[in-house]
Amino acid sequence: MARRASRPILVLHGPNLNLLGTREPSVYGRVSLAEVNRAIQRHAAARGTRAVCRQSNHEGELVDWIQSAAREGFQAIVLNPGALTHYSVALRDAVASVSLPVVEVHLSNIHAREEFRRRSVIAPAAVGQISGFGPMSYLLQAIGTTRLPQVT
Ligand code: CA2
C-alpha cells in the first residue's frame, strides 16, 4: 500500500538570505539559496514529506507566514530568522503563539561570532536550535521535525 505523504514543512529564510552564494563566502559559503532549497526539498521528499521554502526581507511578512502556517496545513516550521534572531520580539511572539513546532536554524555558528550574534531572542520560544553546519543545518533540522530516530 502506498505511504500517505505527511503534511508539508514550512522553511522560512529571513532578511538577506537571498544573497547567499553571492557575498561573504567565507562566512556563508558559495551555495545559493535556490540550491539550498533544492537540497531541502530533496531531503524532505526522500522522507515522504514536502518542504515549502519562502524568503523575506520583511519582519511582518515572516510573522504573517508563521501565523498562517497551521491554517495552511504545515506540520512544522524551520526558521532561519537572519539578523532578526538577535532583536525581533515580534518574531519571537509569533513563534511562541503558533501551535506548530518551530526549529531555529543558522548556517553559521552564532555562538562563535560577534558578541551581538550570540544572543537569540527566538531560541526560548523554539523547540530547538541548530547552528553552524552550513546548509546541512537545515537538513539536520528537517529530520528532527518529521521523525526522530530512537536513541536507546
Ligand atoms: O548564520 C545564519 O544563518 C544567520 O542567521 C545569517 C544572518 C545573520 O545576521 C545571523 O546572525 C546568522 C545573515 C544572513 C545574511 O546572509 C548573507 C549571505 C550572503 C551575503 C550577505 C549576507
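A salt bridge is a side-chain nitrogen of Lys or Arg within 4 Å of a carboxyl oxygen of Asp or Glu. The close-up views below are taken from a predicted model, in which a search of the whole structure finds four salt bridges.

**View 1. Salt bridge between Arg113 and Glu114.** The closest N and O atoms of Glu114 and Arg113 are 3.7 Å apart. This pair counts as a salt bridge because 3.7 Å is within the 4 Å cut-off. Arg113 is buried, at 16% relative accessibility. Glu114 is partly exposed, with a relative accessible area of 35%.

**View 2. Salt bridge between Arg117 and Glu114.** The side chains of Arg117 and Glu114 meet at 2.8 Å, N to O. Arg117 has a relative accessible area of 18%, and it therefore counts as buried, the limit being under 20%. Glu114, at 35%, is partly exposed.

**View 3. Salt bridge between Arg118 and Glu115.** Here the closest N and O atoms are 3.2 Å apart. Arg118 is partly exposed, with 37% relative accessibility. Glu115 reaches 60% relative accessibility and counts as exposed.

**View 4. Network of Arg113, Glu114 and Arg117.** Salt bridges with shared partners join these residues into one network. Glu114 pairs with Arg113 at 3.7 Å and with Arg117 at 2.8 Å.

Conventions: Residues numbered from 1 in each chain as written. Predicted model: local features only at pLDDT ≥ 70, side-chain atom pairs only at ≥ 80, totals over all residues. Heavy atoms only, no water. Buried < 20%, exposed > 50% of the residue type's maximum accessible area, 1.4 Å probe, protein only.
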